[in-house]
Amino acid sequence: MSRKNKKIFLQIDLLELESQDVKEEFDIHKKEFEKKFHQELKFINSISEDPQLPQKQVKKDERIEGGGNTPQSPLTHKIYRNLAKILHPDTSQIPNADEHFKRLGEYYEQDDIIGIISMANEHSIPLPPITDEEYELIDKQIKIKHQEIESKKQTLAWAWAKSKPNEARDLVYKMIGLDIEQYEEWKKDNQ
């Protein structure tokens, strides 16, 4: 395996681990946040729903029906085909091959080259020859994955969970623009 491929594998392994850790932590923070601020969120939703505003009608052709609408890049297709030959449940000796193959298919449908390369690394399957342009595409996808991780860290639930306990409530109220007097009045009317 070339040094360039080793570097890509290491970057992607680290990125996948970080992504999983942040997702798990984010899910916990979000659940706790929604539980803690249930009434406040309900209030914000009630004042943002104005029955006087016309509701936009969505035409049938504007809806996304099902997944799989993402066109796969040639690189994703190339690596997927190599992995699919090895991981297919009919030919693979890997335990739980059907689960691995299903996950590979999901990555393919999402055009997730990072996930596909991660699976190649997980199963010690060498990558096919990759051009410099394809390395650039992988690098772009790595940057996008980093942005996705950082976007979770920029959410209200994350900020609340990471703030000092005595500042948490004030931070949330400030971030959602909660008018405390209006909220207290609403609570009286809705209990």
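1. The side chains of glutamate 134 and lysine 78 form a salt bridge, with an N to O distance of 3.0 Å. This pair joins distant parts of the chain, since glutamate 134 belongs to helix α6 and lysine 78 to helix α3, 56 residues apart. Glutamate 134 has a relative accessible area of 15% and is therefore buried, as the limit for that class is under 20%. Lysine 78, at 28% relative accessibility, counts as partly exposed. The model discussed in this note is a predicted one.

2. Side chains of opposite charge can pair when their charged atoms come close. In this model the count of salt bridges comes to 10. Two further examples follow.

3. Lysine 153 forms a salt bridge with glutamate 18, and the closest N and O atoms are 3.9 Å apart. Here too the pair links distant parts of the chain: lysine 153 is in helix α6 (residues 132–153), glutamate 18 is in helix α1 (residues 3–36), and 135 residues separate them. Lysine 153 counts as partly exposed at 27% relative accessibility, and glutamate 18 counts as partly exposed at 28%.

4. Glutamate 184 and lysine 187 also form a salt bridge, the closest N and O atoms being 3.7 Å apart. Both residues lie in helix α9 (residues 180–189), where they are 3 residues apart, or about one turn of the helix. Glutamate 184 is partly exposed, with a relative accessible area of 30%, and lysine 187 is partly exposed at 23%. Salt bridges that share partners also join Glu18, Glu150 and Lys153 into one network.

5. Which residues have the most contacts inside the largest nonpolar core? They are Ile79, Leu83, Leu104, Ile116, Ile117 and Ile138, in a core of 29 residues. The elements giving two or more residues to this core are α1, α3, α4, α5 (113–122) and α6. A second, separate core has 11 residues, including Phe33, Phe43, Val172 and Trp186.

6. Isoleucine 79 deserves a separate comment. Leaving aside residues up to four places away in sequence, isoleucine 79 touches Ile113, Ile116, Ile117, Leu127, Pro128 and Ile130.

7. The largest pocket holds about 360 Å³ of space. Its lining consists of 14 residues, and those nearest the centre of the pocket are Glu16, Ser19, Lys23, Lys145 and Glu148. Two or more lining residues come from each of α1, α4 and α6, and α1 gives the most, with 5 residues. What is the division of the lining into nonpolar, polar and charged residues? The lining has 3 nonpolar, 3 polar and 8 charged residues.

8. The loop between α3 (74–87) and α4 (97–109) contains isoleucine 94. At 25% relative accessibility, isoleucine 94 counts as partly exposed. When residues up to four places away in sequence are not counted, isoleucine 94 touches Leu87, His100 and His123. As for histidine 123, its C-alpha lies 9.0 Å from that of isoleucine 94, while the two residues are 29 residues apart in sequence.

9. The backbone requires a comment at two places. Most residues other than glycine have a negative phi, and most peptide bonds are trans. Asparagine 96 is not a glycine, yet has a positive phi of about 60 degrees. Asparagine 96 is found in the loop between α3 and α4, and at 47% relative accessibility counts as partly exposed.

10. Serine 124 is located in the loop between α5 and α6.

Definitions and conventions:
Residues are numbered from 1 along each chain as its sequence is written. This is a predicted model: local features need pLDDT of at least 70, side-chain atom pairs count only at pLDDT 80 or more; totals for chains, interfaces and linings use all residues. Side-chain values use heavy atoms; hydrogens and water are left out. Helices (H or I, at least four residues) and strands (E, at least two) are DSSP runs, numbered from the N terminus. Buried means under 20% relative accessible area, exposed over 50%, partly exposed in between (1.4 Å probe, protein chains only). Contact means heavy atoms within 4.5 Å. A salt bridge is a side-chain nitrogen of Lys or Arg within 4 Å of a carboxyl oxygen of Asp or Glu. On a 1 Å grid over the protein atoms alone, a cavity is a set of points where a 1.4 Å probe fits but cannot get out, and a pocket is an open set with protein on both sides within 12 Å along at least five of seven lines; lining residues have an atom within 4 Å of a point. Grid points are joined across faces, edges and corners, and a volume is the space filled by probe spheres set on the points. Ala, Val, Leu, Ile, Met, Phe, Trp, Tyr, Cys and Pro count as nonpolar, Asp, Glu, Lys and Arg as charged, and the others, Gly among them, as polar. A nonpolar core is a set of buried Ala, Val, Leu, Ile, Met, Phe, Trp, Tyr and Cys residues joined through side-chain atoms within 4.5 Å.
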